[in-house]
Amino acid sequence: MVGLALIGALAAEPIDVLDLDLEDLLEVDTVGSAEGSFGYRLQQSGVVPFLHAYAVGRGYAETGQVPTFDLHYFNVFVGAEIQGVVIPEVQLEYEHGGEILEMRYGQVDIRTPTDALTLRIGKFMVPMGSYNELLYPEFLTPLPDRPLVLREVVPVAWAEVGGQLRGGVTVGEGWKLGYAAYLVNGLEQPDADPDDGVVEEGGELRDMRGNHRDRYAADKAFGFRVGVQGPSGFAAGASGYNGRYTIEASNRLRMYGIDLAWSPGSLLLQAEFFGAQMERTTTEDRRLWGLYGLVGIKLDPHVQPVFQVDLIRPGAERSRDRERYTLGLRFWPYPVKVPFLVFKASGALTTPREGERSGRAVAQMAVGF
Amino acid sequence: MGWLFLALWMAHAGEIRPDQQALLLLKVVSYDRERSRAPGEPSFRIGVVYDEGHPASVRAAERMMEAITHLGAKVRLDGAEVEAVLLPAAELEEGLERDQPDVLYVAASSEGPLGRILATARAYRLTTFTGSDELYERGVGVGLLARGGRARLAIDLARVREEGADFSSSLLKVADVRRRR
């Protein structure tokens, strides 16, 4: 410490190391009384932290609603790579200009020497299809709005607390088989009075998220996705989920789905189908399903028109059965320098089985950084 | 029991700060009787070797580079300026031919290519240093290590002799010397 202090004091005049005393140099404080902290020690032990974020600003107008601007997300990713084997990461969500603050996910990946097995612990995005886990940030999605099935059947963005095993094996040049299997607390329908003997059931799946701690039932939900990846962005998978969702009865929610994606050349093709069955005590089960198909063509590195068809059958009143046709455009101003900056615009026409048609127009900017 | 565990952990945790390591490295080199530079060469050059496939190693190497660069403005070694060069392990031979370092510092988390690094160091007669306990235990010649809240020098005598160093007894008496492998 004496040596360094001396050097610091005499910075203008270089000192020859021959003039320094070795014993003094060995007297340095390595525990870190001055600069030390647990964080500093972690820094010293090979933890490489990272900080990223994504921002989504948009303006939209919809039949029957007032047009508005909206800072939809400004979400922060904080994480670290520890010796290449442990990767903790948290996504802190700031939605609608800070109106909603929460943790979208907070997970720790523990790798093994083989790609075939990684342990994921914490609150993670549920691998139900590919969109919820891999595509939902708006700097990646083809259109400003999510497909209807990914709001009303799969409640994107859907994260659960528990544990997951995942991995993949290469099965040929350019081909890989992957899997994920998880055990989580699972979706749970809120019940304002959990002791009144009235079973709250058959509700909206979006409202069942956020069961961070089981308080009423020990049952855990199980789910999986198996998939294959190939050349030209080919990916196909099948997913399933099964868990108790009611507090005052052991009614189960079953969910299943298939997903497909392919991007040969300038073409982009995506399709997903999901269905769900919600057991009910007093009436017949609620069954809901939906699908979407999307095609995009990259005209050049900057521009991609996109067309999407949505079909949704929520298993409720007929007015909620509907189709939606969306035409959109993606524009990357700097596709090489800033590939995660994208402008999108879309116009959608929704036609319900009963009731009036409605329209919606959205302009969106998204950037990941 | 908890305090005992904490004390033991503190005694063994972490590394010495990069600037402290750099200064100790230079001081250790000053005890090498085989230390020599090419005639007319005005600088002493530390080659910082790292595993480019390992982010933690890259980070450790960058921090050491920063420390040496900063220190280089303030100290001399036997009148010579001190500088550093980054040397990715995968291209170590090419880097040594190009940059002609005087010693090698092996960045933490470089266990992967360590065998190759040490073999190359022996072939080029370059003394190896590290601030990592793990790397010292795996064969790096000189450890600039932390123990009990203080810095400790660890020297593998057989290894550093293979690497061409001949340290004076005044250094060896204050270092933890490993005489046999």
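Okay, let's start with a term: a salt bridge here is a side-chain nitrogen of Lys or Arg within 4 Å of a carboxyl oxygen of Asp or Glu. Keep that in mind, and keep in mind too that what you're looking at is a predicted model.

With that, find A:Glu152, A:Glu204, A:Arg286, A:Arg320 and A:Arg322: these residues are linked in a network of salt bridges. Over all chains, the count comes to 32 salt bridges. I'll pick out a few.

Stay in chain A for the next pair. A:Arg120 bridges to A:Asp109, with 2.6 Å between the closest N and O atoms. A:Arg120 sits in strand 6 of chain A and A:Asp109 in strand 5 of chain A, 11 residues apart, so this pair links distant parts of the chain. Buried or exposed, A:Arg120 and A:Asp109? Both are buried.

Take A:Ile121, which is in strand 6 of chain A: its relative accessibility is 40%, so it counts as partly exposed.

Two helices to look at: helix 2 (residues 18–29) and helix 3 (residues 55–72) of chain B. Their axes come within 8 Å and cross at roughly 60°, and the crossing is right-handed. Which residues meet there? From helix 2 of chain B, they include B:Leu23 and B:Leu26, and from helix 3 of chain B, B:Ile68 and B:Leu71 are among them.

Chain B has salt bridges to show as well. B:Glu83 pairs with B:Arg45, the closest N and O atoms being 2.7 Å apart. B:Glu83 is in strand 3 (residues 80–88) of chain B and B:Arg45 in strand 1 (residues 43–50) of chain B, so the bridge ties together parts 38 residues apart in sequence.

Last one: B:Arg152 and B:Asp176, with closest N and O atoms 2.3 Å apart. This pair joins strand 7 (residues 150–156) and strand 8 (residues 176–178) of chain B, so parts 24 residues apart in sequence are tied together. B:Arg152 is buried, because its relative accessible area is 18% and the cut-off for buried is under 20%. B:Asp176, at 37%, counts as partly exposed.

Conventions
Residues are numbered from 1 along each chain as its sequence is written. Chains are lettered from A and ligands numbered from 1 in the order in which they are written. This is a predicted model: local features need pLDDT of at least 70, side-chain atom pairs count only at pLDDT 80 or more; totals for chains, interfaces and linings use all residues. Side-chain values use heavy atoms; hydrogens and water are left out. Helices (H or I, at least four residues) and strands (E, at least two) are DSSP runs, numbered from the N terminus. Buried means under 20% relative accessible area, exposed over 50%, partly exposed in between (1.4 Å probe, protein chains only). Axes are lines fitted to C-alpha atoms, for helices over the stretch in contact, and angles run from 0 to 180 degrees between N-to-C directions. A crossing is left-handed if the near helix is turned anticlockwise from the far one by less than a right angle, and right-handed if clockwise. Contact means heavy atoms within 4.5 Å.
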